[in-house]
Amino acid sequence: LLLYGPRRSGKSSICKNFLDHQVQQPFWHVLFSLQNATKRSEEEILRQLADEVCREFSDQLHQPSLGWCHYNESDPQIYFKRVVQGCLAQVPDARLILALDEFGGALDSYQQGYLDYRFFSYWKELMSELPQLSLIIALPTSAHSLLSSKEFSYAFNFAESLPIMFLD
């Protein structure tokens, strides 16, 4: 799901409230902001996200998780996938709801040359490989315009867009 709307319209609040009030065990959730992703590499972003996935898995499902250092992969995308697979394997009936908030920060990083296109096409691949994963991407309208452009049309054609207006 691509949740988009004007800046300061309540997208983050919708995500947080949905995750906190609607997601119950064996489902679990991670809310991760990419607001500060500008000028950050894919490895930095995925490493921090993997750490957050492990922390939330342990907190919400009371299970130990294997962190980033337990996997011997050179590609950060494979590392991240292994971390998520490791968590999901421990609770086979679980589902991870991953909310990537402020996704416009990653797009800014792409436009500045810090992230490659593969970071964006990765989410489609990950969704097809991990059926226990649900993905919410929240971003401002201006960033959604770029994601809807011809440049990114293939990377996010799996997602449904949901525009929102300002919340009271």
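Let's start inside the protein: the side chain of serine 109 reaches the backbone oxygen of arginine 40 at 3.2 Å, where a polar contact is a pair of N or O atoms within 3.5 Å, one able to donate a hydrogen and the other to accept it, with residues adjacent in sequence counting only if both atoms are side-chain atoms. Keep in mind that this is a predicted model, in which local features need pLDDT of at least 70 and side-chain atom pairs count only at pLDDT 80 or more, while totals for chains, interfaces and linings use all residues. Residues are numbered from 1 along each chain as its sequence is written, and side-chain values use heavy atoms, with hydrogens and water left out.

Serine 109 sits in helix α4; helices (H or I, at least four residues) and strands (E, at least two) are DSSP runs, numbered from the N terminus. With 0% relative accessibility, serine 109 is buried, a label for anything under 20% relative accessible area, while exposed means over 50% and partly exposed is in between (1.4 Å probe, protein chains only). Beyond its neighbours within four places in sequence, serine 109 is in contact (heavy atoms within 4.5 Å) with Ala37, Thr38, Lys39, Arg40, Tyr114 and Leu115.

Lysine 39 lies in the loop between β2 and α2 (42-61) and has a positive phi of about 65 degrees despite not being a glycine. Lysine 39 is also exposed, at 52% relative accessible area. Histidine 62, in the loop between α2 and α3 (76-90), has a positive phi too, about 55 degrees, and at 62% relative accessibility it counts as exposed. Why point these out? Most residues other than glycine have a negative phi, and most peptide bonds are trans. On the peptide-bond side, the link from glutamine 25 to proline 26 is cis, with omega near 10 degrees; proline 26 is in the loop between α1 and β2 (27-33).

Now back to α4, this time for the largest pocket. That pocket has a volume of about 380 Å³ and is lined by 18 residues, with Arg7, Arg8, Lys11, Glu102 and Pro140 nearest its centre. Helix α4 gives the largest share of the lining, five residues. The lining splits into four nonpolar, nine polar and five charged residues.

Notes. On a 1 Å grid over the protein atoms alone, a cavity is a set of points where a 1.4 Å probe fits but cannot get out, and a pocket is an open set with protein on both sides within 12 Å along at least five of seven lines; lining residues have an atom within 4 Å of a point. Grid points are joined across faces, edges and corners, and a volume is the space filled by probe spheres set on the points. Ala, Val, Leu, Ile, Met, Phe, Trp, Tyr, Cys and Pro count as nonpolar, Asp, Glu, Lys and Arg as charged, and the others, Gly among them, as polar.
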